[in-house]
Number of protein chains: 4
Amino acid sequence: MAEKAEERVQRALDSFLVEIPSWGFPDTGTRFGKFRQPGAAGSVAEKLSDAGQVHALTGCCPTVAVHTAWDFPNGLASAEEVAAEARKHGVRIGAVNPTLFEEQCYKNGSFGNPDPAIRRKAIEHTLESIEIAKRVGSRYLSLWFIDGSCYPGTANIRRRKRWFAECLAECHAALGEDQYLLVEYKPFEPAFYHTDIADWGMSFLLSKAAGPKARVLVDTGHHYQAQNIEQIVAWLLDEGMLGGFHLNDRRYADDDLTLGSIDPYQVFRIFHEIQFHAWDSGQRAEIAYMIDQSHNLKPKIEEMIQTVNNAQELFAKAALVDHAALSRFQERGELIDAEECLRGAFSTDVRPMIREWRRSKGLPEDPLAAFRASGYMQRVAAERAGRSVAASGYC
Amino acid sequence: MAEKAEERVQRALDSFLVEIPSWGFPDTGTRFGKFRQPGAAGSVAEKLSDAGQVHALTGCCPTVAVHTAWDFPNGLASAEEVAAEARKHGVRIGAVNPTLFEEQCYKNGSFGNPDPAIRRKAIEHTLESIEIAKRVGSRYLSLWFIDGSCYPGTANIRRRKRWFAECLAECHAALGEDQYLLVEYKPFEPAFYHTDIADWGMSFLLSKAAGPKARVLVDTGHHYQAQNIEQIVAWLLDEGMLGGFHLNDRRYADDDLTLGSIDPYQVFRIFHEIQFHAWDSGQRAEIAYMIDQSHNLKPKIEEMIQTVNNAQELFAKAALVDHAALSRFQERGELIDAEECLRGAFSTDVRPMIREWRRSKGLPEDPLAAFRASGYMQRVAAERAGRSVAASGYC
Amino acid sequence: MAEKAEERVQRALDSFLVEIPSWGFPDTGTRFGKFRQPGAAGSVAEKLSDAGQVHALTGCCPTVAVHTAWDFPNGLASAEEVAAEARKHGVRIGAVNPTLFEEQCYKNGSFGNPDPAIRRKAIEHTLESIEIAKRVGSRYLSLWFIDGSCYPGTANIRRRKRWFAECLAECHAALGEDQYLLVEYKPFEPAFYHTDIADWGMSFLLSKAAGPKARVLVDTGHHYQAQNIEQIVAWLLDEGMLGGFHLNDRRYADDDLTLGSIDPYQVFRIFHEIQFHAWDSGQRAEIAYMIDQSHNLKPKIEEMIQTVNNAQELFAKAALVDHAALSRFQERGELIDAEECLRGAFSTDVRPMIREWRRSKGLPEDPLAAFRASGYMQRVAAERAGRSVAASGYC
Amino acid sequence: MAEKAEERVQRALDSFLVEIPSWGFPDTGTRFGKFRQPGAAGSVAEKLSDAGQVHALTGCCPTVAVHTAWDFPNGLASAEEVAAEARKHGVRIGAVNPTLFEEQCYKNGSFGNPDPAIRRKAIEHTLESIEIAKRVGSRYLSLWFIDGSCYPGTANIRRRKRWFAECLAECHAALGEDQYLLVEYKPFEPAFYHTDIADWGMSFLLSKAAGPKARVLVDTGHHYQAQNIEQIVAWLLDEGMLGGFHLNDRRYADDDLTLGSIDPYQVFRIFHEIQFHAWDSGQRAEIAYMIDQSHNLKPKIEEMIQTVNNAQELFAKAALVDHAALSRFQERGELIDAEECLRGAFSTDVRPMIREWRRSKGLPEDPLAAFRASGYMQRVAAERAGRSVAASGYC
């Protein structure tokens with residue numbers, strides 16, 4: 001059995017790819033300001049270079065999520081140049097994220113704005129993003145909205161729901177054959193009283209209304225306190241509606257901390273539900289695993305490597321669960337044995353197995369140490385030292 | 001305008017009926033024990049007598065929700081007797097609630113139990129409850145489940161979801177022409193790790209799967225902290241899926257306190273969304289308003305009267321909102337004016353209008369004072385003094 | 001009785017002064033960006049001009065809280081000029097807030113920083129702020145810290161606690177005879193894993209350790225979900241340790257919304273505990289009421305006037321409570337009567353009494369309408385149109 | 001280093017004793033009812049017998065917490081008999097818990113009751129409990145109160161605070177030389193609006209007021225969502241005011257689940273702060289570790305063994321942390337290295353070290369398997385089958 005479990009772990013690691021976001025490398029902060037890092041990426045070329053480092057060392061991050069406004073300075077016209085830049089650094093462009101929140105016109109919303117001209121502008125930006133995605137060979141259009149309201153009475157919740165349905169349907173119609181529309185939900189921030197797509201149920205209904213290629217995107221930090229995220233994941237899997245994840249961790253709000261840094265057992269349980277579903281149903285769901293964190297304090301590339309490492313550990317632990325035994329205990333109501341079956345997998349130290357997997361792929365056993373030894377950070381910090389940085393906005 | 005607003009309030013009060021639960025009159029408590037009240041109801045006859053008092057004094061509580069196991073000692077065979085007893089006290093039987101949680105067999109769930117024999121038993125009890133509902137002329141079968149699990153790994157969440165869908169569909173098929181199946185959600189307690197129907201989205205999907213006469217039941221205390229309940233209400237109204245409410249208030253968990261005792265503005269906003277939807281859509285949704293509180297400390301009948309009074313006040317305030325003006329402010333993004341439009345209605349003292357409504361119906365202006373003056377409580381306390389009370393269970 | 005209650009309201013309004021913050025007038029936002037407003041204040045002179053407008057129209061905002069780094073460009077050397085500018089606009093300088101969070105050196109904290117040189121720098125800045133406060137005639141030094149950590153293991157919580165105690169004691173020693181040190185607490189943001197002064201208990205202990213003129217500052221948005229803020233206020237009053245408030249409202253996190261916009265009954269209960277304490281103890285505690293909101297969407301000056309109005313309404317409602325009757329009901333355990341005594345005050349429409357108070361002071365009855373009619377906003381928007389605005393930082 | 005870490009673990013396990021509660025063995029439930037278990041303990045003798053089994057198999061549970069009303073049927077007169085019974089089963093009596101919540105007179109509180117006669121009764125019961133503690137050789141009097149209120153306005157929070165201070169001081173005065181008064185806090189349930197001792201700060205102030213032998217008792221389930229419990233522990237350690245723990249886990253409210261079943265990393269961090277404090281200060285705090293769970297579904301004795309096992313694992317992991325290295329990283333602001341230092345200890349599989357420790361003590365390597373093989377449960381289930389069980393109350 002022990003040997004078979006080890007094999008399961010190796011196979012699980014083979015299948016587990018994690019997309020990293022281009023916005024994980026520039027300076028970010030909170031509303032109280034940004035603490036700047038020497039060598040933080042500025043241009044899209046720098047971001048892709050940093051991302052390429054992470055993939056070179058971890059071997060499991062071949063794609064990079066991009067934000068239209070931040071990474072395609074000339075919109076669609078930049079697409080091929082950016083794709084080429086990615087290839088240069090050994091990665092490909094992943095999910096394309098329309099940027100529907102920084103411009104002043106979006107003060108009262110984008111797809112939910114009462115003004116049809118602004119909704120039109122938001123749709124056009126999204127349609128251009130879909131074209132970019134096609135041009136760079138990306139299968140995912142990933143949508144997050146700040147839409148909502150900050151004060152009771154200031155928004156017509158139902159009308160906004162309908163505007164969202166209309167806008168999403170129009171965008172869905174423009175998708176390529178092999179593309180997916182991922183619809184993210186978030187219960188608060190920066191809309192503080194109501195958020196138009198506040199929970200998985202709202203994302204689900206809007207996705208269904210948009211069309212057959214729309215899916216729910218689960219950001220692990222976008223939930224209420226005490227919400228059971230793995231149950232939501234299990235339901236979405238059962239409905240065939242789980243599109244992917246924005247991975248991160250948090251204690252109070254949408255803190256965008258390193259995955260697994262606050263509650264690793266929860267992440268493990270999410271990965272368990274995914275692998276348990278695959279065992280139970282005999283087929284692996286197609287899921288886009290994407291990191292979405294705000295690296296305000298820890299060195300950005302190092303934190304990205306640490307995150308990927310955490311994700312691999314927790315995914316590998318979940319691969320250790322003996323699904324047949326677990327299922328048997330569950331059916332019989334043998335609660336302690338069922339629980340211990342899960343907990344035992346989590347208690348196991350999978351780090352040796354991950355090192356083994358890395359060796360087998362010709363990767364460094366300790367990617368963080370390898371990165372530090374590489375001198376990359378010192379080099380780019382020097383190169384990037386002179387240039388000015390944009391002070392405002394998210395990153 | 002002021003006059004028209006007053007008229008709106010009178011019309012709103014005419015339309016606003018609140019169902020009271022039979023289990024609001026016996027002794028209840030917490031897991032730490034019950035504080036007993038002299039004159040607390042024991043038999044179904046006593047509960048219906050108490051409910052009749054509330055309706056006689058408030059004029060807006062003509063129906064009483066019942067629990068199958070607690071109120072129909074001989075099941076279907078008790079139906080006619082109970083209906084007759086209700087009529088005797090000037091009320092009718094309202095929603096019928098199957099009792100799927102006290103028996104030992106439900107330890108690992110009812111509709112979600114891995115054992116098909118227990119699922120069958122739970123279905124049979126529900127089918128009998130539907131028959132009771134038909135027999136007593138009730139249009140609502142109201143379902144709440146304790147189903148879930150207390151420890152990670154002990155339940156197969158997806159299989160339980162499917163068992164729920166099957167059981168609900170079978171029950172739905174037995175409904176009468178004019179009957180509705182109300183499916184309640186609750187994120188925790190007494191299942192502490194996962195609850196099979198944890199949120200409105202899960203209730204929605206299961207209701208849709210059950211059939212066209214299934215609707216979502218919103219218990220105001222069954223949400224996560226900070227969740228925007230009125231948004232959920234607005235969405236359910238837009239989808240035609242709001243079945244009704246279990247009204248109560250809470251601070252931390254499912255505290256089952258008096259409606260409006262902790263956050264009256266939230267209740268007002270819920271009522272506002274309902275009345276705003278009616279104005280916007282031109283048609284009033286059919287909604288079952290039901291009280292579901294646990295009167296552990298305050299005198300039970302008095303608290304029920306107080307609750308009905310609170311509900312009327314908050315519903316009347318919501319009727320004061322100028323929907324046309326609000327809509328105009330929302331469209332133009334005039335945030336302060338929109339907010340003040342709502343807030344102004346809440347700030348208005350509607351108590352004189354409610355007294356006026358009561359006078360116009362021949363009801364006492366102050367039902368609580370009238371109840372205290374009636375001597376009812378002293379009389380039943382004496383009558384009910386000798387009999388033994390069941391010590392265990394919810395009530 | 002009714003007449004006496006009206007008199008209590010007038011007296012309460014006479015006593016109720018609310019300080020407004022200079023940072024309530026420039027552009028603010030969230031980490032996702034700022035939505036800019038025409039005429040948002042830039043310089044300290046502009047902020048004081050806007051604040052002067054609010055006081056001129058409401059008559060209860062004679063002081064303005066300032067932030068050292070934002071409002072005193074030359075530190076102590078700017079003090080007299082700023083004080084003179086305030087006088088010019090009919091207001092005085094209120095609480096002085098050292099700015100201990102924007103500089104890059106504070107990445108790992110200020111008073112809790114492991115580096116003694118940075119702690120020293122933070123102390124020096126605070127000592128200068130105290131000197132400024134003396135120079136401008138302010139009685140309050142108000143301290144809020146971003147200090148904490150974002151990841152488990154990265155901070156020595158106990159050592160940081162001791163550094164805080166040392167730094168606070170040194171600052172306390174520099175206070176003038178009549179000055180207070182207000183120590184604010186906040187459970188999260190921007191430190192996401194642990195915050196050095198996370199709750200009222202920590203603020204209390206550090207204040208006690210600092211010296212007799214240190215007090216706890218309660219920001220209504222700095223609590224956990226479901227925390228009973230009025231109980232904390234009651235305890236601090238009983239201990240003689242309540243220094244003042246940062247008033248605002250929120251739904252999920254530290255949303256910094258308009259006071260009373262989400263949960264007005266909670267604000268009312270806080271004001272009730274204060275007035276009940278005064279009645280019970282026979283002496284009115286000295287409390288600094290200060291607004292601390294982030295006016296991201298609503299017009300800034302209008303929102304400030306709206307906030308002051310809300311505060312007056314809720315304070316006036318609390319003045320209506322019949323303390324003797326309430327106390328009697330509480331002693332006897334007459335729960336419903338006690339509750340209705342409180343609730344009845346909240347249900348009363350105090351707007352006519354507030355208009356009466358304004359008339360008696362020669363103030364406009366509707367300060368928001370008066371402001372809109374004044375043309376002030378149009379004028380300053382034109383004047384301030386050309387100048388550049390700082391893009392980064394909080395405001 | 002590896003070897004030294006192993007030694008640290010063995011030494012940590014030697015020092016780690018966990019007290020188990022007598023009320024962990026009878027039937028318990030929720031307000032919705034109890035699911036009964038064959039062989040659940042009824043009498044105090046049965047509870048002590050079950051507790052003796054746990055200690056015999058785990059070797060680290062030599063004491064049993066008791067509840068005065070439940071375990072001393074004749075009060076002080078039962079003390080010697082109960083102590084003898086404990087000895088018979090190889091254990092001793094640990095913390096004595098006065099039972100101040102089940103009697104009807106406590107409806108409006110015990111130490112906070114407005115009626116002085118009821119406060120007196122509660123004090124007398126507590127004084128008797130202290131005498132029992134002396135008689136049975138227990139060093140801990142452990143106090144938890146249901147006191148609070150369910151509705152705004154119904155309680156005078158400040159007066160109740162003062163009554164608490166008076167009552168606690170009187171009880172403190174009766175303590176023996178070597179005894180401690182442990183004061184527990186809890187933010188809600190069964191008082192739903194306000195709880196008289198709601199958080200650690202309130203417990204701290206009341207303990208300080210009571211006298212030098214009063215300490216704060218931390219129940220891990222008695223916190224707000226997202227509260228950083230390990231920070232509270234670190235502060236209490238630094239203040240010399242940490243008395244002990246009631247250990248359990250939870251997701252939403254005070255769920256009283258198995259320790260570590262929901263968030264094991266949090267428990268690990270609590271244990272880390274304790275061991276880090278000992279390293280930093282050079283002295284080990286005296287801490288009473290007590291389990292307080294509600295074993296509603298899992299077999300009671302098995303869940304207790306599982307809990308002890310979890311506690312040992314997480315305490316052992318915390319013993320692996322390299323404090324000198326951690327401290328160095330913290331001082332230098334090397335955030336990733338500091339975090340990885342902590343996380344690495346948690347990732348380590350300590351189960352072999354625990355088995356080694358058990359072997360070295362002559363204990364079974366797998367106490368759960370040993371218990372199942374012992375036939376104890378089958379035997380007592382048969383013995384206890386006939387007798388009637390109390391249906392009401394907590395257990």
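The model is predicted: local features need pLDDT of at least 70, side-chain atom pairs count only at pLDDT 80 or more, and totals for chains, interfaces and linings use all residues. Residues are numbered from 1 along each chain as its sequence is written, and chains are lettered from A and ligands numbered from 1 in the order in which they are written.

**Chains B and A**

- Chain B places 41 residues in contact with 41 residues of chain A (C-beta atoms, placed from the backbone, within 7 Å).
- On chain B, the elements giving two or more residues to this side are helices H6 (157–173), H7 (200–210), H8 (229–238), H9 (264–281), H11 (323–332) and H12 (335–347). Helices are DSSP runs of H or I, at least four residues, numbered from the N terminus.
- That side of chain B holds 19 nonpolar, 14 polar and eight charged residues. Nonpolar means Ala, Val, Leu, Ile, Met, Phe, Trp, Tyr, Cys and Pro; charged means Asp, Glu, Lys and Arg; the others, Gly among them, are polar.
- Chain B superposes on chain A by a rotation of 180° with 0.0 Å of shift along its axis, RMSD 0.0 Å (least squares on C-alpha atoms of residues with pLDDT of at least 70 in both).
- Gly201(B) is the residue of chain B closest to the rotation axis, its C-alpha at 2.2 Å.
- Both copies use the same surface: 100% of the contact residues of chain B recur in chain A.

**Chains A and C**

- Here 36 residues of chain A contact 36 residues of chain C.
- The chain A side comprises 19 nonpolar, nine polar and eight charged residues.

How values were computed:
Contact = placed C-beta atoms within 7 Å.
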